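These are my notebook entries on one structure. I set down what I looked up, entry by entry.

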Amino acid sequence: MRGNFIMNPSPDFVKRKRTGKHPARQDHVCTQARSVAQFPVLRYSPVMKYLIAYSSQTGNTRALAERMRTVLPAEDCLFFGECTSVPAAAVRDAEIVFAGFWVYRGSCDPVSAEFLQALRKKTVALFGTAGFGGSEVYFQRILTAVGQLVHKSCTLEKPFVCMGKIAPDVLQRYQAELKRDPENERVLRLIENYKAAKTHPDQQDFQALAAWVEAALVNHSA
C-alpha cells in the first residue's frame, strides 16, 4: 500500500492551456507566523502569486496545507486558510490555487466542492487526505471525481493525496461492532486500516508533498 499518490491525469482530465493573464497583487494576507521549515523554501521564476485554501475535518488536510506554507515563499502568498473565507480579490489575482479537501463519499467534502465549483480560468492544484489507504486505483477514482467538479475553463495540475488519521470515535464504533460480532472480517479490516492511518500524514507524506508542490510550480511556469 502506498502512503501517497500523485496522479497522472488523462488528457480528458486536464485542460492544458490557460487563457488570459491575471495581474499580480502587491499586498497579501498571509501574515500568520511560519513554522521552521524542514525543507528548503522553493524559489521559482517568474514570481508567481498563489493561495492555499483548504477544508479539514480532523486536521489532516490542514497539516498538509501548513507544511506547504513552509516551503513556499511567504511574500507571494495572497491567502492561507479555510476555503470558506477566501477573499474574492485573492482568488482573482492568484496565478495558482492550491485547494485542499478531505475525502467524503468517494469525492471531496461539500465545503471544498462549493469552493472548487466557483473557480473560473484558474490553475488549480488539488491536494487531499483519505482515511482509507486503499490502492492507487482507489486514489485515482477519488481524484478524478474531485477534478470533475472544477470548471472546464480551469487548468488542473497533477493532484496529490495521502492517507490521514481517522477520528477516535470511529474506532469506538468499530470496536462496538466487533464486540457484537468478534469474527466480522469487514470490521477487522476497518480496524487494521484505522491503525495504518494513525500516523498519517507522516514525514514521507510531507516529503512527497514538497516534491509535488515544486513540480506544480515548475509545470505552471514552463
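I take contact to mean heavy atoms within 4.5 Å. The model is predicted, so local features need pLDDT of at least 70 and side-chain atom pairs count only at pLDDT 80 or more, whereas totals for chains, interfaces and linings use all residues. Residues are numbered from 1 along each chain as its sequence is written, and side-chain values use heavy atoms, with hydrogens and water left out.

**Entry: V124 and E157**

I looked up V124 under this definition. Leaving aside neighbours within four places in sequence, V124 is in contact with V97, A99, L116, L119, V150, C154, T155, L156 and E157.

I then turned to E157. I place E157 in the loop between β7 (155-156) and β8 (160-163); helices (H or I, at least four residues) and strands (E, at least two) are DSSP runs, numbered from the N terminus. Is E157 buried or exposed? E157 is buried, because its relative accessible area is 5%; buried means under 20% relative accessible area, exposed over 50%, and partly exposed in between (1.4 Å probe, protein chains only). With neighbours within four places again left aside, the contacts of E157 are I96, T123, V124, A125, A216, N219 and H220.

**Entry: the chain as a whole**

I noted 7 helices and 8 strands in the chain. Of its 222 residues, 50% are buried. Among contacts with a separation of 6 or more, 85% are between residues 24 or more positions apart.

**Entry: nonpolar cores**

A nonpolar core is a set of buried Ala, Val, Leu, Ile, Met, Phe, Trp, Tyr and Cys residues joined through side-chain atoms within 4.5 Å. In soluble globular proteins, nonpolar side chains tend to be buried together. Which residues touch the most other members of the largest core? I found L51, F101, F115, L116, V124 and L126, in a core of 38 residues. Helix α6 (residues 185-197) gives the largest share of this core, 5 residues. Another core, of 23 residues, lies apart from it and has I52, F80, A208 and W212 among its members.

**Entry: helices α1 and α7**

I followed helix α1 (residues 60-71) to α7: their axes come within 10 Å and cross at roughly 55°. Axes are lines fitted to C-alpha atoms, for helices over the stretch in contact, and angles run from 0 to 180 degrees between N-to-C directions. The angle makes α1 oblique to α7; under 35 degrees counts as roughly parallel, over 145 as roughly antiparallel, 65 to 115 as roughly perpendicular and the rest as oblique. From α1, the residues making the contact are A63, L64, R67 and M68, and from α7 they are Q203, F206, L209, W212 and V213.

F206 counts as buried because its relative accessibility is 8%. F206 and M68 are 138 residues apart in sequence, yet their C-alpha atoms are 8.5 Å apart in space.

**Entry: backbone exceptions**

Most residues other than glycine have a negative phi, and most peptide bonds are trans. I found a cis peptide bond between H200 and P201, with omega about -5°. P201 lies in the loop between α6 and α7.

R105, not a glycine, has a positive phi of about 50°. R105 sits in the loop between β4 (96-104) and β5 (107-108) and counts as exposed because its relative accessibility is 76%.

K121 also has a positive phi, near 50°. I place K121 in the loop between α3 (110-118) and β6 (123-130); at 46% relative accessibility, K121 counts as partly exposed.
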